[in-house]
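Good morning, and thank you for making time for this presentation. Please keep the structure in view as I speak.

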Amino acid sequence: MNEWCRKKPLEWQEYVNKEVKVNAAEQEYEGWVFTVDPVSANIVLVNLKDGGKASVMAVMGHAVEAVEVLREGDSSMADQLTSLFMPAGAQSYSREELENRKSCLRDWLEKNRIPFTEQGAQQETLCVAGVLTVNPPYGPEDCSSSNEIILSRVQHLIQSNPGCQQDQ
Amino acid sequence: MKTPVCVLRLPRGPDGTSRGFDPSSARYQALCTPTISASGPVDCVDLRSEQRARSFLRERYLRSLIAMVKRNVKFTMYEKVKVDAVFAGSDIDILNFQVEDLETPLGVQKEALIRCPDVISYSFEIDSSL
């Protein structure tokens, strides 16, 4: 294992959103660090191009000889990198919209006699029957649980919500 | 339209057939190192922030793999080998990449497994959604 692979996840995280130059097997790679895989130490570098394209290069962790930081990225670079890979169509809701969606879901759960509690710093998470959590924006994809059966039942339930002021 | 060549069955490597428990694998090191090495006091808070960093980084990497599926990827490997293929998937430890239509000097392999320790880097193009 080389020195790069021996680093800890917190050290690797420091490189995210920075422009770096990586030396590997007598070649040099430059780009903005999107992520470093903690399992393989692979560095994923992105170079944004004109015309709405980006070229992505990943250097395998075992091949990395040296990593040099060239530049720090600002928050707009961070957003661009994140939006490259995160699912398309990710909407952002306002506070009131989120509140409405939460009340809508709460009413629907009560109607169906499903026990739930509200948790979190701003009471933003719904904890259903103690085993499933629903995060904003309270869609079927925002449920998480370790119990597949309950997960599937609650997802169907949310999907079959006749809806309040839905912003489809 | 390239005509695929028939499948070449290469002999099994020294790893044998078992998926086994490999103490020298990166995954074992990552999961068990805190309990083995005496690299300093490992307290709850450190472990929590390390795990948070680990899941942040891993999620981003998995998303980059998802974005790579069905795209043309160039692999740069040792011994000055550069090949093109269509990425199909990876295993959990990032030890093997499954690819399709691998262009080799022998012809086009319809399906192939590329060993990650043989790879130096890989690259592909993506449309930015902005």
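Let me begin with a term: helices (H or I, at least four residues) and strands (E, at least two) are DSSP runs, numbered from the N terminus. The model is a predicted one, in which local features need pLDDT of at least 70 and side-chain atom pairs count only at pLDDT 80 or more, while totals for chains, interfaces and linings use all residues. Residues are numbered from 1 along each chain as its sequence is written, chains are lettered from A and ligands numbered from 1 in the order in which they are written, and side-chain values use heavy atoms, with hydrogens and water left out.

I turn to the salt bridges. Side chains of opposite charge can pair when their charged atoms come close. A salt bridge here is a side-chain nitrogen of Lys or Arg within 4 Å of a carboxyl oxygen of Asp or Glu. How many salt bridges does the structure hold over all chains? There are 12.

One of them pairs B:E125 with A:K49, with 3.9 Å between the closest N and O atoms. This pair crosses between chains: B:E125 belongs to strand β6 (residues 119–127) of chain B, and A:K49 to strand β3 (residues 43–49) of chain A. For accessibility, buried means under 20% relative accessible area, exposed over 50%, and partly exposed in between (1.4 Å probe, protein chains only). B:E125 is partly exposed at 42%, and A:K49 is partly exposed at 44%.

A salt bridge also links the side chains of B:D127 and A:K53, at 2.7 Å from N to O. Because B:D127 lies in strand β6 of chain B and A:K53 in strand β4 (residues 53–59) of chain A, the pair joins two chains. B:D127 is partly exposed, with a relative accessible area of 48%, and A:K53 is partly exposed at 38%.

Within chain B, B:E50 and B:R54 form a salt bridge, their closest N and O atoms being 3.2 Å apart. The two residues are 4 apart in helix α2 (residues 44–68) of chain B, and are therefore separated by about one helical turn. Are B:E50 and B:R54 buried or exposed? Both are buried. Elsewhere, salt bridges that share partners join A:K102, A:R106 and A:E118 into one network.

Helix α2 of chain B also holds B:R58. This arginine is buried, with a relative accessible area of 14%. A polar atom of the B:R58 side chain lies 2.7 Å from the backbone oxygen of B:I92. Counting as contact any heavy atoms within 4.5 Å, and leaving out residues up to four places away in sequence, B:R58 touches A:D37, A:P38, A:V39, B:I92 and B:I94.

Finally, the backbone. Most residues other than glycine have a negative phi, and most peptide bonds are trans. The bond from A:P136 to A:P137, however, is cis, with omega near 0°. A:P137 sits in the loop between β8 (132–134) and β9 (143–145) of chain A.

A:E26, which is not a glycine, has a positive phi of about 65°. Its place is the loop between β1 (18–24) and β2 (27–36) of chain A, and A:E26 is exposed at 81% relative accessibility. A:R113, likewise not a glycine, has a positive phi of about 55°. A:R113 is found in the loop between α3 (95–111) and β6 (116–119) of chain A, and is exposed with a relative accessible area of 75%.

Notes:
Polar contact = N/O pair within 3.5 Å; in protein donor to acceptor, adjacent residues only side chain to side chain.
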